[in-house]
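Hi everyone, thanks for making time today. I'd like to walk you through a structure that is new to our group.

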Amino acid sequence: THTQTHTHRHTHTDTHTDGRTGGCGGAGPCSGMLRAGAPVQPLLTDLYHFSMAHGYWRCGRHSLPAVFQLYFRSCPLAGEFTLFAGLHDCLAFLKHFQLSSQDVGFLRTVLPPDTERGFYEYLQGVTTEGVTVRAVPEGSVVFPQVTRGQDAHTHGHRTHH
C-alpha cells in the first residue's frame, strides 16, 4: 500500500492583460489586502472591478439595478463538467461584505491618483442590501462558458443591514 500526503497552500493569482501574473498568498505587495481571521476578504478581487465601480459612480449609475453573471472558462483537471458547489460561501460573503477604512485606504494607494475623494466615501458606505442571488441548485451539473440565468433559482437570501 502506498500513501501520499499533499500539502497545498492556497494562493490567489491574477493574470494581467499584459501577461504578467501576481499572487496574493499572504505576503508581498498585496498582503495589506488580507484581514487576519476575517471570513470575508472584500479586496481579494481584480482591481478591474473597482475601476468599473468607479466608472458607474462617475456616470451616476451606481444606484441603478445591474445584473452580473458568473461563469467559468474551463473545467478543472481537463474534465467535461463540474458540480456546482459553494453557494453557502457566496451568500456568506455577501452577507458580511463591507469595506473597512483600511480597505479604502489600500484602494487609495492602488487606484489612479485622480480618483475622486467622493468615490472613496461612497465605497466606505457600500452594502449588499437589496442584492438578489439567482443560482442553480447546489450539486447541479454545470458546464464551462455557459450562463444559466433562465433556469436559475432565486434564493431567499437577501441581505439586510
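The mean pLDDT of the protein chain is 75, with 66% of the residues at 70 or more. Over residues 1–33, though, the pLDDT is below 50, and the model gives this stretch 29 contacts beyond near neighbours in sequence. The other end needs care too: residues 156–161 stay under 50, with 16 contacts beyond four places in sequence. Where pLDDT is low, the predicted coordinates should not be read in detail.

Which elements have the lowest and the highest mean pLDDT? Strand β1, residues 13–15, is the lowest at 35, and helix α4, residues 117–124, is the highest at 97.

Now the layout. There are four helices and six strands, and from the N terminus the order is β-β-α-β-α-α-α-β-β-β. Of the 161 residues, 24% count as buried. The chain exposes about 12000 Å², and carbon and sulfur atoms supply 54% of that. If you take contacts between residues at least 6 apart in sequence, 63% of them join residues at least 24 apart.

Last, the helix pair. Helix α1, residues 47–58, packs against α4 at an angle of about 110°, with the axes 11 Å apart; the two are therefore roughly perpendicular to each other. On the α1 side the contact uses F50, A53, H54 and W57, and on the α4 side G118, F119, Y122 and L123. By class, that makes six nonpolar residues, two polar and no charged ones.

Conventions
Residues are numbered from 1 along each chain as its sequence is written. This is a predicted model: local features need pLDDT of at least 70, side-chain atom pairs count only at pLDDT 80 or more; totals for chains, interfaces and linings use all residues. Side-chain values use heavy atoms; hydrogens and water are left out. pLDDT is the predictor's confidence in each residue, from 0 to 100. Contact means heavy atoms within 4.5 Å. Buried means under 20% relative accessible area, exposed over 50%, partly exposed in between (1.4 Å probe, protein chains only). Accessible areas come from the Shrake-Rupley method with a 1.4 Å probe; for residues, only the protein chains shown count as cover. Axes are lines fitted to C-alpha atoms, for helices over the stretch in contact, and angles run from 0 to 180 degrees between N-to-C directions. Angles under 35 degrees count as roughly parallel, over 145 as roughly antiparallel, 65 to 115 as roughly perpendicular and the rest as oblique. Ala, Val, Leu, Ile, Met, Phe, Trp, Tyr, Cys and Pro count as nonpolar, Asp, Glu, Lys and Arg as charged, and the others, Gly among them, as polar.
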